[in-house]
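Work through the following exercises with the sequence and the model side by side, and try each task before reading its solution.

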Amino acid sequence: MNTPEPLADALQQHHALCLEALALAEQESRALRDPDNAAAFDVARRRRQLAPRLEASLAALRAQRLARDSSAPLSAEALRQLRQTQDLIMRALVLDREN
C-alpha cells in the first residue's frame with residue numbers, strides 16, 4: 001500500500017522543514033561558541049522566517065489526518081518517514097536547549 005499523494009507530499013515538506021530547523025540549530029550552536037560572530041543574528045532572523053512555514057506545514061499535516069480514513073493503516077513508508085521526522089525534531093529540540 002502506497003502513501004496517498006497528499007499525505008506523502010505533506011510529510012516530505014514537513015521533513016524538509018525539520019531538516020532546515022536542525023541545520024539552523026547547528027548553525028546557532030556554532031555561532032554562539034564564537035563571541036565575535038554576528039552570525040547568531042542571521043540565524044535568529046532565519047528562524048523567525050521558518051516559524052510560519054513550519055506552522056503551515058503542521059496545518060497541512062493536520063488537514064491530511066482529518067481527511068484520512070482512520071480505519072486505513074499508514075503504509076510502512078509513511079511510518080518510516082514519520083519516525084525520521086520525529087527524530088529530526090527531537091535532535092533539533094535537544095540542540096536548541098543546549099544553545
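**Exercise 1.** Determine which residues form a nonpolar patch on the surface, and state their accessible area together.

*Solution.* The model is a predicted one, in which local features need pLDDT of at least 70 and side-chain atom pairs count only at pLDDT 80 or more, while totals for chains, interfaces and linings use all residues. Residues are numbered from 1 along each chain as its sequence is written, and side-chain values use heavy atoms, with hydrogens and water left out. A patch takes residues with over 30% relative accessible area and no salt bridge, nonpolar side chains (Val, Leu, Ile, Met, Phe, Trp, Tyr) being joined within 5 Å and like charges within 9 Å. The patch consists of Ile 89, Met 90 and Leu 93, which together have about 270 Å² of accessible area (Shrake-Rupley method, 1.4 Å probe, with only the protein chains shown counting as cover for residues). Leu 93 belongs to helix α3, residues 76-98 (helices are DSSP runs of H or I with at least four residues, numbered from the N terminus).

**Exercise 2.** Describe how α1 packs with α3.

*Solution.* Begin with the axes, which are lines fitted to C-alpha atoms over the stretch in contact, with angles from 0 to 180 degrees between N-to-C directions. The axes of α1 and α3 are 9 Å apart and the angle is about 20 degrees; α1 is therefore roughly parallel to α3 (angles under 35 degrees count as such). By class, 13 nonpolar, seven polar and four charged residues make up the contact of α1 with α3.

Key:
Salt bridge = Lys/Arg side-chain N within 4 Å of Asp/Glu carboxyl O. Helix = DSSP H or I, 4+ residues; strand = E, 2+ residues; numbered from the N terminus. Parallel < 35°, antiparallel > 145°, perpendicular 65-115°, else oblique. Nonpolar A, V, L, I, M, F, W, Y, C, P; charged D, E, K, R; others polar.
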